[in-house]
Amino acid sequence: MQALMLVDVQRAFHDESWGKRNNEHAEDNMRTLLAVWREASRPVIHIHHTSENPDSLFYSEGEGVKVQEGREPQVNEAVFRKTVNSAFIGTELEEWLRSKGISTIVVAGLTTQHCISTTVRMSGNLGFHTYVVADATAAFELRGADGTLIDPHTIHTVSLATLHNEFGRVVTTEELLTTAF
């Protein structure tokens, strides 16, 4: 059985402090995937990052922790809250997936270089068949240890390249919907 996992699709990522971002249509593709999964009555999992630090963009009582409009969980969809990059650490996600007989996970969300990468790596290492939807994820620019500013397209591309065929299969929304399922 296949499940769609939306990771950290939260308002905190609208904050300008993240810097430049690639893939401005990622949320549209997430919405498309959600519609397809819901229409087919397939499992949908929402992962939400939270923090108890009042200065965090993900503070549990702040605006940033709220889900972006159009990607809110429905009553019958699983929601797991995490406090680190991996959706598997400190949650019951792995046990829940196994109890439901879910062996394939389709991952979309934010951000490619952080929680998507970490979650996909663990998913693959735990033996789940994992797909990463490249155009339903996005990255932000980063400054390297040497001070070099790395653009978001490069961050996204390299992050996906390190996952592809090692921890999961990187696909586009169209590829996933026309060939993979």
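The legends below describe close-up views of a predicted model. Residues are numbered from 1 along each chain as its sequence is written, and side-chain values use heavy atoms, with hydrogens and water left out. In this predicted model, local features need pLDDT of at least 70 and side-chain atom pairs count only at pLDDT 80 or more, while totals for chains, interfaces and linings use all residues.

**View 1**
Helix α1 covers residues 26-39 and has 14 residues. Helices (H or I, at least four residues) and strands (E, at least two) are DSSP runs, numbered from the N terminus. From first C-alpha to last, α1 reaches 20 Å, close to the 20 Å expected at 1.5 Å a residue; the expected span is 1.5 Å times one less than the number of residues. Its buried residues are Ala-26, Glu-27, Asn-29, Met-30, Leu-33, Leu-34 and Trp-37. These residues cover an arc of only 155 degrees around the axis, which puts them on the same side of α1. Buried means under 20% relative accessible area, exposed over 50%, and partly exposed in between (1.4 Å probe, protein chains only). The arc is that of the directions from the helix axis to the C-beta atoms. Ser-41, with a positive phi near 55 degrees, follows α1.

**View 1. The largest pocket.**
The largest pocket has a volume of about 150 Å³. On a 1 Å grid over the protein atoms alone, a pocket is an open set of points where a 1.4 Å probe fits, with protein on both sides within 12 Å along at least five of seven lines; lining residues have an atom within 4 Å of a point. Grid points are joined across faces, edges and corners, and the volume is the space filled by probe spheres set on the points. The lining consists of Trp-37, Arg-38, Ser-41, Arg-42, Pro-43, Val-44, Gln-74, Asn-76, Glu-77, Ala-78 and Trp-96. By class, five of the lining residues are nonpolar, three polar and three charged. Ala, Val, Leu, Ile, Met, Phe, Trp, Tyr, Cys and Pro count as nonpolar, Asp, Glu, Lys and Arg as charged, and the others, Gly among them, as polar.

**View 2. Ile-102 in its loop.**
Ile-102 is found in the loop between α2 (93-99) and β4 (104-110). At 3% relative accessibility, Ile-102 is buried. Apart from neighbours within four places in sequence, Ile-102 is in contact (heavy atoms within 4.5 Å) with Met-1, Gln-2, Ala-3, Pro-43, Trp-96, Leu-97 and Phe-128. Ile-102 and Pro-43 are 59 residues apart in sequence, and their C-alpha atoms are 8.7 Å apart in space.

**View 3. Asp-8 and Val-9 between β1 and α1.**
Asp-8 is placed in the loop between β1 (2-7) and α1, and Val-9 is in the loop between β1 and α1 as well. Most residues other than glycine have a negative phi. Asp-8 has a positive phi, near 55 degrees. Asp-8 is buried, with a relative accessible area of 0%, and Val-9 is buried at 4%. Leaving aside neighbours within four places in sequence, Val-9 is in contact with Met-30, Val-67, Gln-68, Arg-71 and Gly-109.

Most peptide bonds are trans. Leu-110 and Thr-111 are joined by a cis peptide bond, with omega about -15 degrees. Thr-111 lies in the loop between β4 and α3. In α3, the buried residues are Thr-112, Gln-113, Cys-115, Ile-116, Ser-117, Thr-119, Val-120 and Ser-123. Their cover includes β1, β3 (78-82), β4, β5, β6 and α4. Ser-117, buried at 8% relative accessibility, touches Thr-111, Thr-112 and Leu-163, not counting residues up to four places away in sequence. Gly-127 follows α3 and has a positive phi, near 95 degrees.

Helix α4 (residues 152-163) has 12 residues, which should span 16 Å at 1.5 Å a residue; its end C-alpha atoms are 17 Å apart, which agrees. Pro-152, Ile-155, His-156, Ser-159, Leu-160 and Leu-163 are buried in α4. They cover an arc of only 120 degrees around the axis, which puts them on the same side of α4. On the other side, His-153 and Ala-161 are exposed. The buried residues of α4 pack against α3 (112-125), β5 (129-138), β6 (142-143), β7 (149-150) and β8 (169-171). Asn-165, in the loop between α4 and β8, has a positive phi near 65 degrees and is exposed, with a relative accessible area of 60%.
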